[in-house]
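Work through these exercises with the structure open. Try each task before reading its solution.

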Amino acid sequence: MLNDKKILFSGMQATGSLTLGNYLGALKNWLALNDDYECFYCVVDLHSITIRQDPSELRKRARDLLTLYIAAGLDPVKNCIYFQSHVPGHAELSWILNCFTYMGELNRMTQFKDKAQKHADNINAGLFTYPVLMASDILLYQADIVPVGVDQKQHLEITRTIAQRFNAIYGDVFTVPEGYFGKNSAKIMSLQDPSKKMSKSDENPNASIYLLDDEATIRRKFKRAVTDSVAKIAYDDAQPGVKNLLDIYCASTGKDIKDALGEFEGQGYGVLKDAVSDAVCALIIPLQERFNELKKDKEYIDSVIKENAQRAYYASEKTLRKVKKKVGFPEKIK
């Protein structure tokens, strides 16, 4: 660590296209953490191959995701933005920590059960040990803080368990991370089934707003968003579609629910959908313009990839050397 700031680690998978939910629920909030933490933001490509990927498509999506991080406002000098696969310590530490993780713990992971059901023809060992690689991602940088949503709590808990188990045997090797639960983190739901989160992998193209959707597509998807027959704009669990639109509106504009309800009092769903479309377009079209500029500047993006991989490697090696020494591996002769 270059200063006295606490270390923060987070990342997103390089599969599918980033959604409005990813942006409002995570990426937008990362921007508020720059000044308070030493931040490592990873493009998670090692995790991506637990499900079969088209190689050229994975490379493209990984580069686009890194570019989107920067387009969203993350400074690659202030933050370490890098590809997971460019730092071998992730995989090395994962093998070591596999030997300190119990089968029963991995059997209880709900994500494994969910993915095993969805991909019954490819229940591979990587899918099973996925949480150990995730723990390695975090512990490799001695992260103090990990931004997590409710659905990631179980992964954070197993990370803490592994760190505490290793420390109990070998001393204080790993920082035991805490979860960061942002007060303003929006949970954005599917536009077609508001009982489910908006997802990169949703088979219904109208269910998600993708960050690179053009304006016409964004507006069309909101017009088709599920509401109800109540014909009243209320923030009520009994009206999940309307509630989701209000959440998106408030997360995009910075307004609170009370003000939004006052603004839409007596209005119809069409007015609400148009207002949400306007707010989302105002938020992400400038991001798209910046993304397209950056994408053309291959030399700049290449330099970011190279320099940040070196920074991440240097930080990871400090932890890895300590771990290897503790478990008894022979010292490397220089």
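Contact here means heavy atoms within 4.5 Å. The model is predicted.

**Exercise 1.** Which residues of H8 and H11 meet, and how are the two helices oriented to each other?

*Solution.* 
Step 1. Find the helices. H8 covers residues 215-223 and H11 covers residues 269-296.
Step 2. Apply the contact cut-off. On the H8 side, Glu215, Ile218, Arg219, Phe222 and Lys223 take part. On the H11 side, their partners are Lys273, Asp274, Val276, Ser277, Asp278, Val280, Cys281, Ile284, Ile285 and Gln288.
Step 3. Sort this contact of H8 with H11 by class. It has seven nonpolar, two polar and six charged residues.
Step 4. Take the geometry. The axes of H8 and H11 come within 10 Å and cross at roughly 150°. Angles over 145 degrees count as roughly antiparallel. H8 and H11 are therefore roughly antiparallel to each other. Their crossing is right-handed.

**Exercise 2.** What angle do H6 and H7 make, and which residues meet?

*Solution.* 
Step 1. H6 spans residues 125-139, and H7 spans residues 153-170.
Step 2. Their axes come within 9 Å and cross at roughly 70°. The range 65 to 115 degrees counts as roughly perpendicular. H6 and H7 are therefore roughly perpendicular to each other. H6 passes H7 in a right-handed crossing.
Step 3. List the contacts. H6 supplies Tyr130, Pro131, Met134, Ala135, Ile138 and Leu139. H7 supplies His155, Ile158, Thr159, Ile162 and Ala163.
Step 4. Sort by class. The contact of H6 with H7 has nine nonpolar, two polar and no charged residues.

**Exercise 3.** Is Tyr170 buried, partly exposed or exposed, and which residues does Tyr170 touch?

*Solution.* 
Step 1. Tyr170 lies in helix H7.
Step 2. Read the relative accessible area, which is 24% for Tyr170. Buried means under 20%, and exposed means over 50%. Tyr170 is therefore partly exposed.
Step 3. Leave out residues up to four places away in sequence. Tyr170 then touches Phe100, Lys326 and Val327.
Step 4. Check the sequence separation. Tyr170 and Val327 are 157 residues apart in sequence, yet 8.0 Å apart in space, C-alpha to C-alpha.

**Exercise 4.** Which way do the side chains of E3 point, and how is E3 joined to E2?

*Solution.* 
Step 1. In a regular strand, side chains alternate between the two faces of the sheet.
Step 2. Look at E3, residues 80-83. Cys80 and Tyr82 point one way, Ile81 and Phe83 the other way, and all are buried.
Step 3. Turn to E2, residues 37-44. Four bridges join E2 to E3, and the strands run parallel.
Step 4. Pick one bridge. Phe40 has Cys80 in E3 as its bridge partner.

Key. Residues are numbered from 1 along each chain as its sequence is written. This is a predicted model: local features need pLDDT of at least 70, side-chain atom pairs count only at pLDDT 80 or more; totals for chains, interfaces and linings use all residues. Side-chain values use heavy atoms; hydrogens and water are left out. Axes are lines fitted to C-alpha atoms, for helices over the stretch in contact, and angles run from 0 to 180 degrees between N-to-C directions. Angles under 35 degrees count as roughly parallel, over 145 as roughly antiparallel, 65 to 115 as roughly perpendicular and the rest as oblique. A crossing is left-handed if the near helix is turned anticlockwise from the far one by less than a right angle, and right-handed if clockwise. Ala, Val, Leu, Ile, Met, Phe, Trp, Tyr, Cys and Pro count as nonpolar, Asp, Glu, Lys and Arg as charged, and the others, Gly among them, as polar. Buried means under 20% relative accessible area, exposed over 50%, partly exposed in between (1.4 Å probe, protein chains only). Two strands pair if DSSP finds at least two bridges between them.
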